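Good morning, colleagues. I would ask you to keep the sequence and the model in view while I go through a few places in turn.

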Amino acid sequence: MTTGIDLGHPQAQSVRSDEDVVRVRQLVRSVAVAVKLSLVDQTKVVTAASELARNTLVYGGGGTVEVATVDNGVRKGMRIVFVDSGPGIADLDLALTDGYTTGGGLGLGLSGSRRLVDEFEIETSPETGTRITVTKWAR
Ligand SMILES: Nc1ncnc2c1ncn2[C@@H]1O[C@H](COP(=O)(O)OP(=O)(O)OP(=O)(O)O)[C@@H](O)[C@H]1O
Ligand SMILES: [Mg+2]
């Protein structure tokens, strides 16, 4: 079976438009299939990636998403990094609260994404912007 995805190298997708967010979803879906995530976990990780890529676009002023496979010797999985050089997230605890939004959204993107993945890490500052790393393991 061929997936068309080169699992040996991280895949990068720039995020400058709505179409790019769709491309992120497609890339994440392909890699999720390739590392044999269950159908439910594929949907979870695609949903999380969609929300985080949209934040990269809307609040970060655009950026990059990188998708890589990971293997800890027991499980295979995937890691996705969302990078922007926007203004950063001023109050991270607040931003991770259900319903908090500065943009008139539902305020569920960050908090919901965190629940949909296995590992979730945010580095953010006004100087460097925002970098969010998520990992989903096949089980
Ligand atoms: N990459 C980012 N850079 C700067 N601020 C961000 C970034 N991502 C999120 N935020 C801030 O965190 C808040 C919460 O994000 P979250 O995705 O949870 O909600 P939302 O985007 O406002 O609404 P929703 O995603 O539900 O449509 C945002 O309103 C914004 O203030
Ligand atoms: Mg959002």
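Which atom of ligand 1 has a polar side-chain atom of T101 at 2.5 Å from it? It is an oxygen atom of ligand 1. Before I continue, please note that this is a predicted model, in which local features need pLDDT of at least 70 and side-chain atom pairs count only at pLDDT 80 or more, whereas totals for chains, interfaces and linings use all residues. Residues are numbered from 1 along each chain as its sequence is written, chains are lettered from A and ligands numbered from 1 in the order in which they are written, and side-chain values use heavy atoms, with hydrogens and water left out.

Let us stay with the ligand. There are 18 residues around ligand 1, and those that come nearest are N55, Y59, T101, T102 and L108; a residue is near a molecule if one of its heavy atoms lies within 4 Å of it. In the side chain of Y59, an N or O atom is 2.8 Å from an oxygen atom of ligand 1. The backbone takes part as well: a polar backbone atom of G107 is 2.8 Å from an oxygen atom of ligand 1. On its own, ligand 1 has 590 Å² of accessible area, of which the protein covers 89%; such areas come from the Shrake-Rupley method with a 1.4 Å probe.

I turn to helix α4, residues 109–116. Its buried residues are G109, L110, S111, G112 and S113, where buried means under 20% relative accessible area, exposed over 50%, and partly exposed in between, with a 1.4 Å probe and protein chains only. Among the elements covering them are α2 (39–58), α3 (92–95), β4 (119–125) and β5.

Strand β5, residues 129–137, contains T130. Is T130 buried or exposed? T130 counts as buried because its relative accessibility is 8%. Its side chain makes a polar contact, at 2.9 Å, with the side chain of T124. A polar contact is a pair of N or O atoms within 3.5 Å; within protein, one must be able to donate a hydrogen and the other to accept it, and residues adjacent in sequence count only if both atoms are side-chain atoms. Setting aside residues up to four places away in sequence, T130 touches F82, V83 and D84, among others, contact meaning heavy atoms within 4.5 Å.

Helix α2 also deserves attention. T56 is found there and is buried, at 3% relative accessible area. Beyond four places in sequence, the residues it touches include V15, G61 and F82.

Finally, consider the loop between α1 (18–34) and α2, where K36 is found. K36 is exposed, with a relative accessible area of 65%. Most residues other than glycine have a negative phi. K36, although not a glycine, has a positive phi of about 65°. L37 is found in the loop between α1 and α2 as well, but L37 counts as buried, at 4% relative accessibility. L37 and K76 are 39 residues apart in sequence and 8.9 Å apart in space, C-alpha to C-alpha.

Key
Helix = DSSP H or I, 4+ residues; strand = E, 2+ residues; numbered from the N terminus.
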